[in-house]
Amino acid sequence: GVAAMEILEKGLRPAMEEIGRKFESLEVFLPEMMSAADAMTAGVEILQPHLESSGQDAQKGLIVLGTVEGDVHEIGKNIVSIMLKGAGYRVEDIGYDVPVLTFVDKVKDLNPDILGMSALMTSTMVHMPRVITALQERHLRKGVKVIIGGAPVLPEWAEEIEADGYGENAAEAIRQVKELLK
């Protein structure tokens, strides 16, 4: 008898924010974070039809997420995706090993508020500025905020490639998204 949005906003989201805070402060570790993320995913899947039918489905914005070309690591991206969904955002996860032009096509087709790119290997980070350049060349850059993250990614790199935001970890990525969409 509880509204789906209330379950999401008063139960799942605060719980995921707390696990994110604990992960950030090293009170819990990756296995606990992944377990919480799995529970959050299951909860959101159960609530999704009820959110859609009530017209309350993720009204805060659309985020497209992907791991750049050549990189198959997506644990961090998946955690960010789950936490964003739990916070009320619509997320289009386009996977890993995503070519530059696929990012561009998704921005063109979906018109997201934010494009999030991750890289876990230094050798794949070179694709991040290529995506931004391709967006600029196609006159799509002004319509979307770009946030980047991943283990080798630093704030200086984000600034150098003219990304709008940087998330050192999942909790910081969520804070950046909230800030960029104010």
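Modeller: Contact here means heavy atoms within 4.5 Å. The model is predicted. I will centre on helix H3, residues 75-86.

Start with its geometry. H3 has twelve residues. From first C-alpha to last it reaches 17 Å, close to the 16 Å expected at 1.5 Å a residue. Burial comes next. Lys77, Ile79, Val80, Ser81, Ile82, Met83, Leu84 and Gly86 of H3 are buried. Just after the helix, glycine 88 takes a positive phi of about 100°.

Now the partner helix. H1 covers residues 4-24. The axes of H1 and H3 come within 9 Å and cross at roughly 145°. The crossing is left-handed. On the H1 side, the residues that meet H3 are Leu8, Arg13, Met16 and Gly20. On the H3 side they are Met83, Lys85 and Gly86. By type, this contact divides into three nonpolar, two polar and two charged residues.

Met16 and Met83 both belong to the largest nonpolar core, which has 28 residues. They are among the members that touch the most others, along with Met33, Ile63, Val80, Leu84 and Val177. Several elements build this core: H1, helix H2 (30-53), strand S1 (62-67), H3 and helix H7 (170-180) each supply at least two residues. H2 gives the most, with six residues. In soluble globular proteins, nonpolar side chains tend to be buried together.

Setting aside neighbours within four places in sequence, valine 177 is in contact with Ile63, Leu84, Tyr89, Ile114 and Ile147. Leu84 is one of the buried H3 residues. A second, separate core has 27 residues, including Val104, Ile132, Leu135 and Ile148.

Aspartate 97 sits between strand S2 (90-93) and helix H4 (100-110). Is aspartate 97 buried, exposed or partly exposed? Its relative accessible area is 36%, so aspartate 97 is partly exposed. Leaving out residues up to four places away in sequence, aspartate 97 touches Thr67, Val68, Glu69, Gly70 and Asp71. Glycine 66 lies 31 residues from aspartate 97 along the chain, and their C-alpha atoms are separated by 8.0 Å.

Key:
Residues are numbered from 1 along each chain as its sequence is written. This is a predicted model: local features need pLDDT of at least 70, side-chain atom pairs count only at pLDDT 80 or more; totals for chains, interfaces and linings use all residues. Side-chain values use heavy atoms; hydrogens and water are left out. Axes are lines fitted to C-alpha atoms, for helices over the stretch in contact, and angles run from 0 to 180 degrees between N-to-C directions. Helices (H or I, at least four residues) and strands (E, at least two) are DSSP runs, numbered from the N terminus. A crossing is left-handed if the near helix is turned anticlockwise from the far one by less than a right angle, and right-handed if clockwise. Ala, Val, Leu, Ile, Met, Phe, Trp, Tyr, Cys and Pro count as nonpolar, Asp, Glu, Lys and Arg as charged, and the others, Gly among them, as polar. The expected span of a helix is 1.5 Å times one less than its number of residues. Buried means under 20% relative accessible area, exposed over 50%, partly exposed in between (1.4 Å probe, protein chains only). A nonpolar core is a set of buried Ala, Val, Leu, Ile, Met, Phe, Trp, Tyr and Cys residues joined through side-chain atoms within 4.5 Å.
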